[in-house]
Amino acid sequence: MFVLVNLKTYPCDPVEVAEAVRDVNDATDARLAVAPQAAHIERVAETGAETWAQHVDAIEHGSNTGHALAESVADAGAVGTLINHSERRLKLADIDGAVRAAERADLETVVCANNPAQIGAAAALGPDAVAVEPPALIGTGTPVSQADPDVVENAVEAAANVDPTVSVLCGAGISTGDDVVAAGDLGAEGVLLASGVAKADDPQSALEDLVEPL
């Protein structure tokens with residue numbers, strides 16, 4: 001099971017969370033990773049935690065002020081990137097371009113989408129994984145696996161119909177180990193979460209609780 005913790009721009013200590021991700025990863029069979037803000041990637045990667053970017057742009061080296069270049073993200077220590085998170089929406093052509101840019105820099109990719117239909121379209125672009133995240137549930141503490149399990153099952157089916165090699169992650173509202181188990185029971189191979197860890201008083205305990213049932 002892949003557990004990817006997105007720190008967004010929450011006022012947490014990215015190094016503290018990364019150290020917790022590293023330590024819990026070493027003590028479990030699950031795979032844990034953390035996605036800090038771009039400015040923190042290098043510091044987070046230095047902890048030894050698997051580090052992801054929150055976004056890369058569909059650009060190459062050149063005149064691109066204010067963008068996230070995939071090669072720079074990789075040079076800072078990231079091994080993967082989120083693309084098209086609900087809070088960083090892209091047009092389809094830009095999603096495709098970002099996936100190609102990430103491939104060019106040897107970054108693993110998770111493309112986010114709102115529903116099974118979008119999951120199918122995202123899977124057709126050839127990312128390593130897709131994550132289904134109904135926006136209304138993000139940050140609520142109510143997991144999609146509980147609120148609408150059909151969304152997860154249909155997303156898994158949609159991705160498999162397009163490209164069975166693309167993994168499906170479940171996002172939105174994941175906060176407990178039971179949520180992670182439920183996502184797996186519905187066919188997801190991982191979870192994408194944020195506030196359940198980034199806002200926790202003790203990130204390591206929160207992570208340990210997440211993976212304990214696995």
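I worked on a 1 Å grid over the protein atoms alone, where a cavity is a set of points at which a 1.4 Å probe fits but cannot get out, and a pocket is an open set with protein on both sides within 12 Å along at least five of seven lines; lining residues have an atom within 4 Å of a point. Grid points are joined across faces, edges and corners, and a volume is the space filled by probe spheres set on the points.

I noted that this is a predicted model, in which local features need pLDDT of at least 70 and side-chain atom pairs count only at pLDDT 80 or more, while totals for chains, interfaces and linings use all residues. Residues are numbered from 1 along each chain as its sequence is written, and side-chain values use heavy atoms, with hydrogens and water left out.

**Cavity and pocket**

I searched the whole structure and found one cavity of 30 Å³ or more; the largest cavity has a volume of about 40 Å³. Its lining consists of L7, K8, Y10, C12, P14, P36, Q37 and H40, which I sorted into five nonpolar, two polar and one charged. For this I counted Ala, Val, Leu, Ile, Met, Phe, Trp, Tyr, Cys and Pro as nonpolar, Asp, Glu, Lys and Arg as charged, and the others, Gly among them, as polar.

The largest pocket holds about 310 Å³ of space. I found 16 residues lining this pocket, with T9, A38, Q54, H55 and R88 nearest its centre, and the lining divides into five nonpolar, seven polar and four charged.

**Annotated positions**

I looked up the UniProt record, an unreviewed entry, which places the feature "binding site" at N6, L7, K8, I138, G173, A194 and S195. Of this set, L7 and K8 belong to the lining of the largest cavity. I kept in mind that such annotations may be inferred rather than shown by experiment. N6 sits in strand 1 (residues 2-6), and N6 counts as buried because its relative accessible area is 4%, buried meaning under 20%.

**Strands**

I traced a closed barrel of eight strands in the order 1-2-3-4-5-6-7-8, paired in parallel; a strand is a DSSP run (E) of at least two residues, numbered from the N terminus, and two strands pair if DSSP finds at least two bridges between them.

I then followed strand 5 (residues 108-113), which four bridges join in parallel to strand 6 (residues 129-132), with A113 opposite V132. Four bridges also join strand 4 (residues 80-83) to strand 5, again in parallel, and here G80 stands opposite E108. Strand 5 is mostly covered, as five of its six residues are buried.

Note on methods. Buried < 20%, exposed > 50% of the residue type's maximum accessible area, 1.4 Å probe, protein only.
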